[in-house]
Amino acid sequence: MGAHACCLCAPSAALSYYKSAASEFKGDKAWRHYAGTLEMAALCLYFTEGGGSRRDMEDSLEKATAHFLRGSSARHASKATLLQIDLLKRPPTKGSKADALRAGLREAAAGLVAQSTHESHLMAALLLEQSALCYRTMK
């Protein structure tokens with residue numbers, strides 16, 4: 001239902017479906033499915049009209065990464081980390097919001113470095129390159 005709500009441009013409705021599914025998957029200890037629903041919930045928060053809570057979006061993606069790793073899916077964890085960076089690059093550029101953006105990019109860069117240890121050499125190099133770009137964007 002959440003995917004259909006997303007397709008119909010109703011991210012707030014999709015968010016409620018994804019949160020419900022996430023609690024079911026968490027109870028069943030189906031970590032990959034749980035992480036996938038957290039990832040989609042973060043996208044719904046991003047597309048929500050009111051902007052959704054930036055911190056909730058970041059927390060959701062960080063949990064998704066951790067639970068993908070818990071479910072032995074390093075590739076999906078890398079995808080969640082890259083998605084987090086992509087969503088963090090877009091927000092505001094003034095005042096304390098710019099500081100929040102820098103802090104978010106710093107956390108994302110650290111996450112990329114940590115994630116690079118779970119990947120092949122080629123993928124690790126790409127993740128470290130993205131981490132360097134995050135550090136460069138912060139300045």
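View 1. The expected span of a helix is 1.5 Å times one less than its number of residues. In this predicted model, helix H3 has 17 residues and reaches 24 Å from its first C-alpha to its last, which is close to the 24 Å expected at 1.5 Å a residue. The buried residues of H3 are Trp31, Tyr34, Ala35, Thr37, Leu38, Glu39, Ala41, Ala42, Leu43, Cys44 and Leu45.

**View 2. Confidence along the protein chain.** The protein chain has an average pLDDT of 79, and 84% of the residues score at least 70. Within the protein chain, confidence is highest in H3, at a mean of 87, and lowest in helix H1 (residues 2-7), at a mean of 56. Where pLDDT is low, the predicted coordinates should not be read in detail.

**View 3. The loop between H2 and H3, with Lys29.** Lys29 is found in the loop that lies between H2 and H3, and the phi of Lys29 is near 60°, a positive value in a residue other than glycine. Most residues other than glycine have a negative phi. Lys29 counts as exposed because its relative accessibility is 60%, where the cut-off for exposed is over 50%.

**View 4. The largest pocket and its lining.** The largest pocket holds about 230 Å³ of space, and of the 13 residues that line the largest pocket, Lys19, Leu38, Ala41, Ser60 and Lys63 are the closest to its centre. At least two residues of this lining come from each of helix H2 (11-28), helix H3 (31-47) and helix H4 (54-70), with H2 giving the largest share, 5 residues. Sorted by class, the lining of the largest pocket consists of 6 nonpolar, 2 polar and 5 charged residues. Two of the residues closest to the pocket centre, Leu38 and Ala41, are also among the buried residues of H3.

View 5. Met123, Ala124, Leu127, Ser131, Cys134 and Met138 are buried in H7.

Key:
Residues are numbered from 1 along each chain as its sequence is written. This is a predicted model: local features need pLDDT of at least 70, side-chain atom pairs count only at pLDDT 80 or more; totals for chains, interfaces and linings use all residues. Side-chain values use heavy atoms; hydrogens and water are left out. Buried means under 20% relative accessible area, exposed over 50%, partly exposed in between (1.4 Å probe, protein chains only). Helices (H or I, at least four residues) and strands (E, at least two) are DSSP runs, numbered from the N terminus. On a 1 Å grid over the protein atoms alone, a cavity is a set of points where a 1.4 Å probe fits but cannot get out, and a pocket is an open set with protein on both sides within 12 Å along at least five of seven lines; lining residues have an atom within 4 Å of a point. Grid points are joined across faces, edges and corners, and a volume is the space filled by probe spheres set on the points. Ala, Val, Leu, Ile, Met, Phe, Trp, Tyr, Cys and Pro count as nonpolar, Asp, Glu, Lys and Arg as charged, and the others, Gly among them, as polar. pLDDT is the predictor's confidence in each residue, from 0 to 100.
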